[in-house]
Every structure is written in structure tokens, then in C-alpha cells.
Amino acid sequence: MEKVTLAENIHWVGVIDWNLRDFHGYITSRGSMYNAYLVVDEKTALVDTVKYTFSDELLRNINEFTDVAKLDYIIVNHVEMDHSSSLPMVAERAKNATIIASEKGKDALFEHYGGGFNIKTVKTGDELKLGKRTLRFIEAPMLHWPDSMFTYVVEDRILMPNDAFGQHFASSHQFDDEVDQHVLMEEATKYYANILMPFGPLVARKIQEIVGMGISPAIIAPSHGVIWRSNPGKIIQSYLDWSECKSRNKIVVVYDTMWGSTDKMARAISEGAASEGTDVKLLKLRASDNTEALTEILDAKAVVVGSPTINNQMFPTLAAFMNYVTGLKPRNKVWCFFGSYGWGRGAVRSMTEIAKNAGFEVREPGLEVKYVPDKDDLTQCFELGRQIATQVKA
Ligand code: FEO
């Protein structure tokens, strides 16, 4: 494989997971990468490892530059196993290496892999001198786990923020300026919506903290996807916008259907919303997945969710969706619920309760239709869509 160099003696030694299609429920249609970096100096540091299935490849990549046994430091920015599960194998070979982690990272390493590691803990502002290079550490709790931290190569202004600013995007090119920009931003958006959205306020505060520390990265090298070198400010600004849940005149209709009635309602609601000039996205679950739905919801002003009633409950795909979306907590949206029922209601009531319990702003009442919507019912659906569009446009 062609060597990938970020700066003199700073190398990408990560791996490409072309075939990954499901990352704990996140549908990764373009695969992913687990990025690890090697800083070769008087002392040599490996920043992060990779998923254990690629351990041998990581060792081969490191050995292109240095004998793994000679590693002095292994930086563990984050203990989630896509980044740490090769650590036991690397540490076994790098017997003299000191492992650097946050205090919570140390605990998490023990809880994942047991003891036996030589761990030194660091906190925000601590530095590690390698020779010409200095590594500075910045704790970043909840970006993505409590243990997370960023590593900054001071002299080259390279920020290695692990999960932050990543994309689940497998590519034979490792830099942002070498890939299709539309695809890159699509994957970066999807990643933020499905991984970091619940932590929006923390994202904004962390960016402000970094700026306050005088850090202005020339390169942002995340642990997934390509490295931002052409314009790192672009992804920082995108994160600031996303963290504020900035929305545009857009409504997302998410639904599923049993015998087509909720589908008819969804289409009429969409037509009503579109009649006000609003951008509308219509996503039927089982045709689209939750990952795609959350990506569309990120910049929407309203989300209209439809489910038929089955056994006095939501349709199973909607139950999974409500579970997923309330966990990710998109903010500043108006929510409304609709659906068809037969002899007993339940779906709209259940979805409304779940949304309210999650703190979502719910427009009530929702809209329910018995069995099959007739012309008047569809007119009501159209009108509901139009009214929601008018409400959020105002
Ligand atoms: Fe890429 Fe939170 O792990």
C-alpha cells in the first residue's frame, strides 16, 4: 500500500474496512476506515489502534516505518473497540511502550481488557515531548465516550480528535482533497447526525475551548474516514452549525405502512407541505433506514411520523425508529404523528407519548384515519401538511 504521510515522519498506519455495512446499527453503505497514526521522532508514538480483525494489517503498516517492538508510546484517545481492540496485540509486542490515556480511559481499558498495561494518565494541557515533536492532550468527554480525548501535534498543528470530525467512508485516498466533495460532506453529515448529535452543546464548547487554547489546526486527522487538510475550517464550521441544530425550510415525513393507508396519508401530508414551497423528504422505513432518516432530520424544521396500529401498538419499524431518534435527541424540531387504525387505536398515542417524554415539541392533535382514508381524510392530511409547513416557515 502507498505510504500516507501527513507531515515529515508523521504517517497514517490505519486500515480500510471496505465491507462494513453496519456499525452498531448505523448503516455504513460506504464502509469505514479505522485510522491510526505514527509519529516517529527520538521517541516513537502510535496514536490509536484499529478494530481487532485488522490487527495484523496494523502491525504490518507500523513495521513499514519502525519495529513495533520499539514503540515508546501508544496513545489511546478512545477505548471503544473499533480503536482499542488491537491494543492487547500491539502492547504484547511493544513491551517497553507506555500507554497514554485519560483517567477515564485508564478505567475503561481495565474494564475492557483487564490489567497488565503500563498506563500513564494525562489531562487537558499535558504534553509529551517526543524529540522535535510535542504531543498535547485535550480531554473530550462524550465525544464520543467519557474517556475520549484529542491529541494535538503542536509543531505541525495536526489535531487527532479520534471520533470527532470523522466519516464512515472507506477510500483508497486518505485526504479530503482527493475524494468527491459531495460524497465526503454527505458522509460527514451522516456521521454527525448518527453519532454526535446528542452531544451538540459539548461539541460547540469543545471547539470554543480549543480555539481558546490557541489551537488552529492545519490538519484534522480523525479516526474514521479521510483527513481534513485542504480546509479544516470547513468541517469545524459545519460542526458548529450542526451543534446549533441549524435548520432550513424542510420537513421530513417518516412512516411505514401495512396495507397502504398510512402511505396514502403520508403522501397527502407531503403534498400539502410541498404546496407551501417547503422542501419535503418522504422516507418509508423498510425502503429507507434509520441512519438515512436521522441524516435528513438533522437540518429539518419539522418531522411528521406515521404508523399504522398493529396489536394496539406502533408498527415495529416505527418502534425502532422512535427508540433510535429519541436516543439521538435532535433539537429544535416540531413533531407531529399520524396513522391508520382498524378496530383499535394505539400507534399515534404511543409515538406522541414517547416524543413528549423525550422532550420533543409535539404538535397535537395528530391525525388518525380508520382503515382506508377517503377523499375527505386525504384533504385533512393535505391540510395538516400545509399547516405544519406554514407553522415552521413563520
Ligand atoms: Fe469510532 Fe466511539 O468509536
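How many cavities of 30 Å³ or more does the count come to by this rule? The count comes to one cavity of 30 Å³ or more, where a cavity is a set of points, on a 1 Å grid over the protein atoms alone, at which a 1.4 Å probe fits but cannot get out. The structure is a predicted model, in which local features need pLDDT of at least 70 and side-chain atom pairs count only at pLDDT 80 or more, while totals for chains, interfaces and linings use all residues. Residues are numbered from 1 along each chain as its sequence is written, and side-chain values use heavy atoms, with hydrogens and water left out.

The largest cavity has a volume of about 50 Å³, a volume being the space filled by probe spheres set on the grid points, which are joined across faces, edges and corners. Its lining, made up of residues with an atom within 4 Å of a point, consists of Leu143, Phe150, Ala164, Phe165, Val203, Lys206, Ile207, Ile210 and Tyr239. Helix H6 (residues 200-212) gives the most to this lining, with four residues; helices (H or I, at least four residues) and strands (E, at least two) are DSSP runs numbered from the N terminus. By class, the lining has eight nonpolar, no polar and one charged residues, where Ala, Val, Leu, Ile, Met, Phe, Trp, Tyr, Cys and Pro count as nonpolar, Asp, Glu, Lys and Arg as charged, and the others, Gly among them, as polar.

The axes of H6 and helix H7 (residues 232-243) come within 8 Å and cross at roughly 140 degrees, with axes taken as lines fitted to C-alpha atoms, for helices over the stretch in contact, and angles running from 0 to 180 degrees between N-to-C directions. H6 and H7 are therefore oblique to each other, since angles under 35 degrees count as roughly parallel, over 145 as roughly antiparallel, 65 to 115 as roughly perpendicular and the rest as oblique. The contact (heavy atoms within 4.5 Å) is made by Gly200, Val203, Ala204 and Ile207 of H6 and by Ile236, Tyr239, Leu240 and Ser243 of H7. These residues divide into six nonpolar, two polar and no charged.

Two features of the backbone remain to be described. Most residues other than glycine have a negative phi, and most peptide bonds are trans. Asn9, in the loop between strand S1 (4-7) and strand S2 (10-12), has a positive phi of about 65 degrees although it is not a glycine. A cis peptide bond, with omega about 0 degrees, joins Glu364 and Pro365, and Pro365 lies in the loop between strand S21 (361-362) and strand S22 (367-370).

Terms used:
1 Å grid on protein atoms, 1.4 Å probe; cavity = no way out; pocket = protein on both sides within 12 Å on 5 of 7 lines; lining within 4 Å.
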